[in-house]
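Colleague: I have a model open and I'd like to learn how to read it. Could you walk me through the strands and then the core?

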Amino acid sequence: MTRLLKIGLPAVALALAVGVGVWYGNRTDDGKPPTSLCGTKVSPILSERLLQAGGKVTEHNRVDRRKPQPSSWCQVLVDGESALAMRFAWHPDAVDPYKVAQSGDSVSNMAAPARLEGDYKAAVGNNGAIFTVQCRTDIGSYFTLTLLLQKGNPVDRAHRKDIEKFMRAYFPATLKTLGCT
């Protein structure tokens, strides 16, 4: 019976955690933004305006970098309310973030998208951004990261520059964690 408890209970707990997603992350009871979001280190200065910190920050992260799925989400919450969502997607073909953002069936729901110039194909909007690059892994040849603010008015342009600054730092830092070839 003791052997069953020692082996069986941890196995059941692990299965439940994997089945419903794992809650973990950056809990900052002092109201400061975390130094990492969704498994990537990021300057708190960059995330502060997006999170509108002042409460406890937690994550619901379903992204597994060792065994990536075609699409995985990470929700960042402040005081239990969703503040932003990030979609990590691996796929076989290149995509145009601007066209994806304009598409009516897009997962981005991005308001007023515009192309961004730089090292990656990217689009930024009033309430989010999409960045993509060739990134060969076992699951696909391209990686796309979508960031969506969960609160606020999508026609308000107030966070547009903050989103762009955040993604220009966060995206390359995330690529370093993925093992792209």
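Modeller: Start with pairing: two strands pair if DSSP finds at least two bridges between them. Strands (E, at least two residues) and helices (H or I, at least four) are DSSP runs, numbered from the N terminus. This is a predicted model, where local features need pLDDT of at least 70, side-chain atom pairs count only at pLDDT 80 or more, and totals for chains, interfaces and linings use all residues. Residues are numbered from 1 along each chain as its sequence is written, and side-chain values use heavy atoms, leaving out hydrogens and water.

Colleague: Okay, how many bridges join E8 to E9?

Modeller: Four, and E8 runs antiparallel to E9 (residues 128-134). Ala123 sits opposite Ile130 in E9, and three residues lie between the two strands of this hairpin.

Colleague: And which way do E7 and E8 pair, parallel or antiparallel?

Modeller: Antiparallel, over three bridges, with E7 at residues 114-116 and E8 at 121-124. Leu116 faces Ala122 in E8. Four residues separate the strands of that hairpin, where Gly118 has a positive phi near 155°.

Colleague: Now the core. What should I look for?

Modeller: Nonpolar side chains tend to be buried together in soluble globular proteins. A nonpolar core is a set of buried Ala, Val, Leu, Ile, Met, Phe, Trp, Tyr and Cys residues joined through side-chain atoms within 4.5 Å; buried means under 20% relative accessible area (1.4 Å probe, protein chains only).

Colleague: Which residues touch the most other members of the largest one?

Modeller: Met86, Phe88, Phe143, Phe166 and Tyr170, out of 33 residues. H4 (160-176) gives the largest share, six residues.

Terms used:
Buried < 20%, exposed > 50% of the residue type's maximum accessible area, 1.4 Å probe, protein only.
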